[in-house]
Amino acid sequence: MNIIVCVKRVPDSEIRVAIADDGKTLDSQGIKYVLNPYDEFAVEEALKLRETAGEGDVTVMTLGSDDAKETLRTTLAMGADQAVLLKGEPSVDGLGTAEKLAEAIRDRECDLVLFGKQAIDDDNLQVPAMVAELLGLPCATVVVELEVSDGKLEAKREIEGAHELVRFELPGVVAAQKGLNEPRYASLKGIMQAKKKPLEEVDVGTVESRLEVLELKKPEERSGGVIVGEGPDAVPTLLQKLREEAKVL
Amino acid sequence: MSVLVIAEQRNGALREAALEAMTAGRELADALDGECTAVLLGGPGIEDEAEALGRHGADNVLVASDDALAGYAPESYTEVLGRLIEERGPKAVVFAASALGKDLAPRVAARIGAGLASDVTELGSQDGGLYAVRPVYAGKALLRVGFKDSPALASIRPRAYSAQENPRDGQVEKVDVELDPERKRSEVRVEEGEKKGRPDVAEAEAIVSGGRGMQGPENWNLLEDLAEALGPKTGLGASRAVVDAGWRPHSEQVGQTGKVVSPPLYIAIGISGAIQHLAGMRTARCIVAINKDPEAPIFKVADYGIVGDAFEIVPRLSEEIKKLRSEG
């Protein structure tokens, strides 16, 4: 079973956001970058599926700058077999990125393409379904349970207040939600081996953006409110404020 | 036609998110001095829902009804919408950023080669172009984007717009449904017998959210009682710590690796307020915090706080709200 996992290098979720002088981008100074947390679930699922199948390759792919090699090495240390860096700047919307990924995936033998459900930087949640559409493949997004056997796939995905079951025959695309599995940590041995695993670099040229960034700004700070009191005796005062000031009751 | 709104239904009934998208679409159409047309995809009989779309601002309602469209079918929905958009040439296409919309909108965008802005909180027109404002980094920043080309596709974050009645003709037009059997590659069905009583946090009118201060999953009945007192549109939320500990399902997690929410009322109980949690709920209209630590960061964003033991405060709060409700 050959699996391609598409990943992204993103700022850590604990960062405080500062805006760069151009007023359009994140000030990257002092920011720690990590493998997108949802992509960890995708990598883990790929490794598990390969282990169950007892054969096949896991290829990890990203579109990004040279800095993204570090992220690819992280996934190789977890156990992926090889990595591909598509050198380019991800698009503002998802489509440009999806086009480059789809092009690279089309050239490779692959039964399943895995993604994290969204990148936690631009929160677009677009690329997996776009890649599926561009390749004419079936797709399940926001997947919390996955079963693959005999070339058939069944995925359980989260919808509001219920789950949907999505069934299709491979090849196909799946985007992982938290809860799908428990991602493994890279072992010391894995980290050593990762240095020797193949990492291919491909120049993909200009990535088209259908949207342009006009402005990036911080939301208005909430001004801290009032402590209405201590203990259960403060409840009537709270309710009075919720009714009369906030008008939410 | 200037704006096309994709009206989402489940089991043949319009969803609240569809009416919110309708409101966003109507506002944009007015700004463009154009028409707003809703599209309703569903099984036979779905045209009964067209009336509500007209009432919420649809000049026209295009109805595509077919057994194959009764439930969500990604490839078929994409095929029907792709064709409609190409035929009708709208300036903008508005989806709801619901579970369905987030799956469908990117497929449609890829199909027609258009730019899509996800999870939009403001959609408008300025200097002859269309723009969208959307939270990024889980709401730690707001991104304003401009569309380079038409049609502009946008999915509207639940609760960013509140559904407004704005009666228009809602003229129904049936459209032919022709599906290429080759395209359909997946079967999708909603899992039965699993309907939770409470709405999803992303769509709830009020959220009662618990953190580690609740001390264990067995104490969640206190939060359920409070949600019950507040009413059926109240959802239950949780902090990442609580979800990671396995006390609550991930579908309830609020924050950067969970859901970003904007309800009118958010009650944080025993949640200290880690930065990634605050990012996910800071756009709630009114935030109430109950925590025993007066220094907890949650109090810095809360409109109202009570310092003290949640196990004493929450039952009292539920009781007083029930009293209020019974007094009407």
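**View 1. Chain A meets chain B through 69 residues from chain A and 75 residues from chain B.** Two residues are in contact if their C-beta atoms, placed from the backbone, lie within 7 Å. This is a predicted model: local features need pLDDT of at least 70, side-chain atom pairs count only at pLDDT 80 or more, and totals for chains, interfaces and linings use all residues. Residues are numbered from 1 along each chain as its sequence is written, and chains are lettered from A and ligands numbered from 1 in the order in which they are written. Elements giving two or more residues to the chain A side include helix 3, helix 4, strand 7 (139–149) and helix 6 (235–244). Helices (H or I, at least four residues) and strands (E, at least two) are DSSP runs, numbered from the N terminus. By class, the chain A side has 37 nonpolar, twelve polar and 20 charged residues. Ala, Val, Leu, Ile, Met, Phe, Trp, Tyr, Cys and Pro count as nonpolar, Asp, Glu, Lys and Arg as charged, and the others, Gly among them, as polar.

**View 2. Strand 13 of chain A pairs with strand 18 (residues 304–307) of chain B.** The two strands run in the parallel sense over four bridges; pairing needs at least two DSSP bridges. Val226(A) stands opposite Tyr304(B).

**View 3. Helix 3 (residues 95–106) and helix 4 (residues 127–135) of chain A pack at about 50°.** Their axes, lines fitted to C-alpha atoms over the stretch in contact, are 9 Å apart. Among the contact residues are Leu101(A) of helix 3 and Met130(A) of helix 4. The contact has ten nonpolar, one polar and two charged residues.

Methods. Axes fitted to C-alpha atoms, helices over the stretch in contact; angles between N-to-C directions.
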